[in-house]
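Welcome, and thanks for taking a look at this one. Below is a short briefing to read alongside the sequence and the 3D view.

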Amino acid sequence: MNKRTILAAAVLVTAALLSGAALRSHQTREETHTGQLLAMDTVMTFTAYGPYGEQAVEAAMEEIRRLDALLSAESGDSEVSALNRLGEGTLSEEGTAILKRALEVFDETGGLFDCTIYPVMELWGFTDRQYHVPSEAELSQALALVDASRITLDEESGETALGEGQRIDFGGIAKGYASGRVMDIFRSAGVVSGMVSLGGNVQTLGEKPDRTPWRIGIQDPDGAQGDPLAVVSVTDRAVITSGGYERYFEEDGRTYIHIIDPRTGRPAESGLASVTVVSADGMLADALSTSLYIMGAEEAERFWRSRADEFDMMLVTEDGEILLTEGLSDSFESAETPVILKRDR
């Protein structure tokens with residue numbers, strides 16, 4: 001066998017090995033592992049691809065169970081419930097991080113995101129589904145307790161004190177923190193492609209196994225459950241939607257939604273049907289989806305322009321108009337034509 005023949009044979013063997021390795025890599029990358037659980041008052045679905053996916057999904061589900069037990073305002077054994085009972089206490093590292101961010105967003109939104117809204121939510125029955133339209137006197141009494149600026153937090157020690165009679169709830173931000181933790185666990189386990197869906201909160205890691213962005217459906221506020229109004233394609237982003245259609249009750253011909261305006265103690269009436277926030281920061285997206293809904297379209301647009309490097313958004317008005325920030329214009333699909341909001345008008 002001459003040198004040319006040997007070289008040709010070596011090239012063929014090398015090509016075969018590389019082809020086989022590529023095939024194995026593709027097969028490994030597409031190996032799917034899923035899990036589902038009920039926590040934080042919603043059904044959660046976990047998906048991870050690759051050889052480390054099974055362990056990653058199990059670890060992520062265990063972390064969610066731990067966070068739910070730690071942070072639930074309804075669980076008597078949680079640190080949040082203990083803080084609400086005693087009015088003071090020392091929060092865990094997670095509780096401190098969430099409260100710190102909640103207070104930051106409180107300041108940034110002019111008080112529209114307020115974790116002390118819990119007594120008002122409870123009064124309306126949104127915490128236990130014992131729905132009730134409160135009287136003016138009841139509402140005034142509960143609303144007097146709503147003001148997160150009265151909370152003191154030592155960020156180093158976690159020592160926390162609430163204002164007299166106050167109680168807090170992390171329901172508007174905890175899922176964003178939880179989805180971020182799932183992504184951390186996936187990365188630590190070696191997963192490079194995955195997704196978690198916590199009800200209306202979705203967060204993605206990397207691309208799909210076929211190396212295309214994740215396509216996330218956004219609920220049509222006027223459609224049946226699961227009917228998408230639009231799809232956004234994302235990589236390494238949280239996509240979080242808030243809308244009045246998620247939780248509400250009807251009484252005497254009126255509909256009362258669960259998104260409460262802390263200025264009035266009443267369900268928000270902002271002219272919006274839903275708000276979707278897209279950001280690399282799950283906690284920010286979670287908190288802002290509620291805050292921007294309360295703001296309404298014009299104020300939300302002004303707020304976005306001041307923070308456009310941190311998030312994009314899709315607003316759906318009660319009239320069915322879609323307002324879309326320009327950062328999403330190339331990754332957006334819908335039968336409806338959106339109005340594109342630009343940074344510089």
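What follows is a brief tour, from the whole chain down to single residues.

This is a predicted model. The protein chain carries nine helices and 19 strands, and its C-alpha trace spans about 100 × 45 × 35 Å along the principal axes.

**The chain as a whole**

- Of the 345 residues in the protein chain, 49% count as buried.
- Counting contacts in the protein chain between residues at least 6 apart in sequence, you will find that 56% join residues at least 24 apart.
- The accessible surface of the protein chain amounts to about 16700 Å², and carbon and sulfur atoms account for 47% of that surface.
- For anyone thinking about charges, the protein chain has 29 positive and 58 negative side chains. The centres of these two sets lie 9 Å apart.

- Which residues of helix 3 are buried? In this helix, made up of residues 79-86, they are Glu79, Val80, Ser81, Leu83 and Asn84.
- Valine 80 sits in helix 3 and is buried, because its relative accessible area is 0%, where under 20% counts as buried.
- Setting aside neighbours within four places in sequence, valine 80 is in contact with Leu70, Leu71, Ser72, Ala73, Ile168 and Phe170.
- Valine 80 and glutamate 155 are 75 residues apart along the chain, and 16 Å separates their C-alpha atoms.
- Serine 78 belongs to the loop between helix 2 and helix 3. Is serine 78 buried or exposed? With a relative accessibility of 1%, serine 78 counts as buried.
- Again leaving out neighbours within four places in sequence, serine 78 has contacts with Ala69, Leu70, Leu71 and Ser72.
- Glycine 87 follows helix 3 and has a positive phi, near 85°.

**Helix 8 against helix 9**

- The axes of helix 8 (residues 282-295) and helix 9 (residues 297-306) come within 6 Å of each other and cross at roughly 130°.
- On the helix 8 side, the contact is made by Leu288, Leu292 and Met295. Helix 9 contributes Ala297, Glu299, Ala300 and Phe303.

**The loop between strand 1 and strand 2**

- Methionine 40 lies in the loop between strand 1 (32-39) and strand 2 (42-49), and aspartate 41 is found in that loop too.
- Both are worth a look in a backbone check: methionine 40 has a positive phi near 50° while being a residue other than glycine, and aspartate 41, also not a glycine, has a positive phi of about 65°.

**Alanine 238 in strand 10**

- Alanine 238 is part of strand 10 (residues 238-243), and with a relative accessible area of 0% alanine 238 is buried.
- Beyond its neighbours within four places in sequence, the contacts of alanine 238 are Val202, Gln203, Val277, Val278, Ser279, Gly282 and Ala285.
- Alanine 238 and serine 270 are 32 residues apart in sequence, with 24 Å between their C-alpha atoms.

**Aspartate 330 in a loop**

- Aspartate 330 is located in the loop between strand 17 (322-325) and strand 18 (332-334).
- At 81% relative accessibility, aspartate 330 counts as exposed, because the cut-off for exposed is over 50%.
- How many residues separate aspartate 330 from valine 232 in sequence? They are 98 residues apart in sequence, and in space they are 9.0 Å apart, C-alpha to C-alpha.

Definitions and conventions: Residues are numbered from 1 along each chain as its sequence is written. This is a predicted model: local features need pLDDT of at least 70, side-chain atom pairs count only at pLDDT 80 or more; totals for chains, interfaces and linings use all residues. Side-chain values use heavy atoms; hydrogens and water are left out. Helices (H or I, at least four residues) and strands (E, at least two) are DSSP runs, numbered from the N terminus. Buried means under 20% relative accessible area, exposed over 50%, partly exposed in between (1.4 Å probe, protein chains only). Contact means heavy atoms within 4.5 Å. Accessible areas come from the Shrake-Rupley method with a 1.4 Å probe; for residues, only the protein chains shown count as cover. Lys and Arg count as positive and Asp and Glu as negative; His and the chain ends are not counted. The place of a charge is taken as NZ of Lys, CZ of Arg, CG of Asp or CD of Glu. Axes are lines fitted to C-alpha atoms, for helices over the stretch in contact, and angles run from 0 to 180 degrees between N-to-C directions.
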